[in-house]
Amino acid sequence: AIFIAPLITIGQSNINLGQGVVKIDFEKLPTLLFYSDTNNTTPLRTVSVTKDKGGEFIIKNSSHVRSWFNPEGLWLDYGIFIIRVDTVIGKWYRVFTNNDKGTTLWTKASSLNNFIKWQTFLVEETTTINRHPDFDLEIKTAPSDEALTIKRIEETDCFEAIEIKGDWLRIKTNQTFECNESIKPIVSGWIKWRRNNRLLLYYGLG
């Protein structure tokens, strides 16, 4: 048997957590339109998905697009194309088009961009939950600051997300991917996943 570990780890804390992500159905070769404001009728930027001669999915004019477009996750080879959503207003999403720089533009909701709230995304879409080096988080016995501390998250810990209650995420040691190297596995514990509109953890997408 061949074991394939989670390939992509994501979780930038330098930008607002926002409300969730849009998952792009890139296999339908969409052209994404981005506007500077919801009142504009002409897009400021576009991103088009196409196929190369070998049938692989690629971003059209990739070198130019990559000069301004650096979303939450864009690895078409691994089936990943997600953009972090800062604000939802009606059928409009203000999204982070460059996570490193924190720049945002607006895009319209469509059948090709499925909005998923963080509470659903972390539990249903991620493969792993890992320690973010910017934050020293305690694993609690209950979703409360006053609850007993089981331990602090270690770099060797690798978890599965079970459920969310408010700012708290219930986790257990990840056995699906066998990525955990801690000598103290967790059967059930709670960690803070957000604070002051910031994401406090890394998540993995397989």
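My entries below go from confidence to aromatic rings, cores, a disulfide and one asparagine.

**Ground rules.** I am working with a predicted model, where local features need pLDDT of at least 70, side-chain atom pairs count only at pLDDT 80 or more, and totals for chains, interfaces and linings use all residues. Residues are numbered from 1 along each chain as its sequence is written, and side-chain values use heavy atoms, with hydrogens and water left out.

**Confidence.** I began with pLDDT, the predictor's confidence in each residue, from 0 to 100. The chain averages 93, and 97% of the residues score at least 70. Over residues 1-7 the pLDDT is below 50, and this stretch has 11 contacts in the model beyond near neighbours in sequence (contact means heavy atoms within 4.5 Å). I keep in mind that where pLDDT is low, the predicted coordinates should not be read in detail.

**Aromatic pairs.** I searched the whole structure and found 10 aromatic pairs. For these, rings of Phe, Tyr and Trp (its six-membered ring) must have centres within 6.5 Å; planes under 30 degrees apart are stacked, over 60 edge-to-face, and the rest tilted. Trp118 and Phe121 make an edge-to-face pair, 5.9 Å centre to centre with 80° between the planes. Both sit in helix α2 (residues 118-124), three residues apart, about one turn of the helix. Helices (H or I, at least four residues) and strands (E, at least two) are DSSP runs, numbered from the N terminus.

Trp118 also pairs edge-to-face with Tyr203, at 6.1 Å centre to centre and 65° between the planes. This pair links distant parts of the chain, since Tyr203 belongs to strand β19 (residues 201-205), 85 residues from Trp118.

Is Trp118 buried or exposed? Its relative accessibility is 1%, so Trp118 counts as buried; the cut-offs are under 20% relative accessible area for buried, over 50% for exposed and partly exposed in between (1.4 Å probe, protein chains only). Tyr203 is buried too, at 0%. Elsewhere in my notes, Phe34, Trp68, Phe69 and Phe81 form one aromatic cluster.

**Cores.** A nonpolar core is a set of buried Ala, Val, Leu, Ile, Met, Phe, Trp, Tyr and Cys residues joined through side-chain atoms within 4.5 Å. The largest one has 28 residues, and Trp118, Phe121 and Tyr203 are among those with the most contacts inside it. Elements giving two or more residues to this core include β1 (8-10), β7 (80-89), α2 and β19. Apart from it lies another core of 20 residues, with Ile24, Ile59, Val65 and Phe81 among them.

**The disulfide.** I counted one disulfide, using cysteine sulfur atoms within 2.5 Å as the rule. Cys158 is joined to Cys179, S to S 1.9 Å. The torsion about their S-S bond is about -65°, so the disulfide is left-handed. Cys158 is buried at 2% relative accessibility, whereas Cys179 is partly exposed at 21%.

**Asn130.** What does Asn130 touch, leaving aside neighbours within four places in sequence? I found Asp157, Cys158, Leu201 and Tyr202. Asn130 lies in strand β11 (residues 128-131) and is buried, with a relative accessible area of 18%. Its side chain makes a polar contact of 3.1 Å with that of Thr128 (a pair of N or O atoms within 3.5 Å; within protein, one must be able to donate a hydrogen and the other to accept it, and residues adjacent in sequence count only if both atoms are side-chain atoms).
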